[in-house]
Amino acid sequence: MFRTNDLATAAFLITKGCELCNAYVNKNKIYVFEFAGDEEKIRKIAIEYINSDCALFDAQVKNLKKILSLKYT
């Protein structure tokens, strides 16, 4: 079983065919996504995401949201 609390990583894993077996918000109000299967194999796919243009894109989306929230708060 592989767990992540990163929404973008979870979405990438699903896109790559990993099986999401559980998703919930824990007592600390943190997202938790659990994937069934070989933890090492899924971890390698998660690392593939981190090294991809998808992760760079996601980081820029987050940066744009921060800019807007600073301007309108």
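T4 lies in strand β1, where strands are DSSP runs of E with at least two residues and helices are runs of H or I with at least four, numbered from the N terminus. The model is predicted, and for that reason local features need pLDDT of at least 70 and side-chain atom pairs count only at pLDDT 80 or more, whereas totals for chains, interfaces and linings use all residues. Residues are numbered from 1 along each chain as its sequence is written, and side-chain values use heavy atoms, with hydrogens and water left out.

- T4 is buried, because its relative accessible area is 13%; buried means under 20%, exposed over 50% and partly exposed in between, with a 1.4 Å probe and protein chains only.
- Leaving aside neighbours within four places in sequence, T4 is in contact (heavy atoms within 4.5 Å) with T9, A10, Y31, V32, F33 and F35.
- A polar atom of the T4 side chain lies 3.1 Å from the backbone nitrogen of D6.

**Sheet and helices**
- Three strands form an open sheet in the order β1-β3-β2 with antiparallel pairing, and two strands count as paired if DSSP finds at least two bridges between them.
- The edge strands are β1 (2-4) and β2 (19-25), each of which pairs on one side only.
- Three bridges join β1 to β3 (residues 31-36), and F2 stands opposite F35 in β3.
- Helix α1 (residues 7-15) packs on the sheet, touching β1, β2 and β3, and its direction makes about 25 degrees with that of β3; axes are lines fitted to C-alpha atoms, for helices over the stretch in contact, and angles run from 0 to 180 degrees between N-to-C directions.
- Helix α2 (residues 39-50) also packs on the sheet, touching β1 and β3, and its direction makes about 35 degrees with that of β1.

**Aromatic pairs**
- The whole structure holds two aromatic pairs, which are rings of Phe, Tyr and Trp (its six-membered ring) with centres within 6.5 Å, counted as stacked under 30 degrees between planes, edge-to-face over 60 and tilted for the rest.
- F12 and Y49 form a tilted pair, 5.2 Å centre to centre with 45 degrees between the planes; F12 lies in α1 and Y49 in α2, so this pair ties together parts that are 37 residues apart in sequence.

Notes
Polar contact = N/O pair within 3.5 Å; in protein donor to acceptor, adjacent residues only side chain to side chain.
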